[in-house]
Amino acid sequence: MTVASDASCVALDGVTLLRGTTTVFDRLSLTLGERRIGLIGDNGAGKSSLFRLLCGLDAPQSGTVHVYGRDVRRERGALPALVGLMFQNPDDQIIYPTVVEELAFGLTARGTARREARERARDFLGARGLSEWADRPVGSLSQGQRQRVCLLALLISAPRLLLLDEPYASLDLPGQSLLAAELAAAAQQLVVSTHLLDHVRDFERVIWLDAGRVRADGHGPGVCAAYEADVRGRLAERPPLPY
């Protein structure tokens with residue numbers, strides 16, 4: 001069995017992705033099988049582009065992308081049950097005016113009757129102490145709260161793989177702790193892109209992307225430390241600020 005046909009993992013094989021005249025990835029190959037994977041690197045390193053490939057929003061110019069044995073380009077209809085993406089900006093993701101409607105949408109899209117989907121969404125919120133959110137207009141929530149709604153909508157629809165793009169960026173410290181606990185309890189495979197390295201430092205695997213290439217790939221503590229050392233070295237080479 002080839003890696004691409006392996007239903008237990010996610011695989012990119014020889015992927016080249018162009019955006020205009022810019023080469024984002026040049027024959028990138030990765031196999032993602034671990035339960036918790038961190039994705040780190042500078043802005044523009046290719047983290048969001050990798051996520052867009054995995055959920056079918058971008059198509060490579062060459063190479064293949066498989067999610068649990070399904071070809072992302074040829075089997076797009078299977079993707080909603082397999083992979084869910086949480087965008088950096090929750091306003092790019094939220095569709096419905098109230099929280100309960102937003103959570104119910106993922107269930108109705110997979111065949112659940114509308115009334116049952118709303119009941120399940122209310123129960124899902126109640127189990128997390130968020131019953132009062134159910135009928136709140138999404139616009140009345142803070143950005144961090146809207147970001148949590150996006151995650152809850154993914155969790156209730158239960159795809160096998162969750163791709164989280166900078167999920168901690170808009171959260172205060174209590175919000176980060178709540179999100180970390182939610183992710184720790186999630187049954188799905190997770191890939192978390194973040195600049196806040198402490199949230200992925202203890203992951204079994206962290207991938208450091210640098211200009212579309214894998215600069216380091218291994219246990220979280222070592223890869224995070226190598227990236228931090230690289231950043232310190234680059235900053236030390238800069239001329240002093242003219243105070």
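Across the interface of domain 1 and domain 2 of this predicted model, two salt bridges are found, a salt bridge being a side-chain nitrogen of Lys or Arg within 4 Å of a carboxyl oxygen of Asp or Glu. A salt bridge also joins the side chains of Arg148 and Glu182, with an N to O distance of 3.6 Å. Between domain 1 and domain 2, four residue pairs are in polar contact, both residues at pLDDT 80 or more; here a pair of N or O atoms lies within 3.5 Å, one able to donate a hydrogen and the other to accept it, and residues adjacent in sequence count only if both atoms are side-chain atoms. On the side of domain 1 that touches domain 2, strand 7 (161-165) and helix 6 (173-185) are the elements giving two or more residues. Helix 6 provides the largest share of that side, four residues. Helices (H or I, at least four residues) and strands (E, at least two) are DSSP runs numbered from the N terminus.

The residues are numbered from 1 along each chain as its sequence is written. As the model is predicted, local features need pLDDT of at least 70 and side-chain atom pairs count only at pLDDT 80 or more, while totals for chains, interfaces and linings use all residues; side-chain values use heavy atoms, with hydrogens and water left out.

Now for the domains themselves. Domain 1 covers 24-82 + 159-236 and domain 2 covers 96-158, with bounds from an automatic or database domain assignment. Their centres, taken over C-alpha atoms, are 25 Å apart. To the contact (heavy atoms within 4.5 Å), domain 1 brings 15 residues and domain 2 twelve. About 1,000 Å² is buried between the two domains, 58% of it on carbon and sulfur atoms; this is the accessible area (1.4 Å probe) that two parts lose on being put together, summed over both. Of the area that domain 1 buries against domain 2, Pro159, Ser170 and Glu182 supply 45%, more than any other three residues.

Looking at the whole chain, seven helices and ten strands make up the secondary structure. The C-alpha trace spans about 55 × 55 × 35 Å along its principal axes. The structure holds 19 salt bridges. One joins the side chains of Glu101 and Arg118 at 3.2 Å, N to O. Glu101 belongs to helix 3 (residues 99-108) and Arg118 to helix 4 (residues 114-126), so this pair ties together parts 17 residues apart in sequence.
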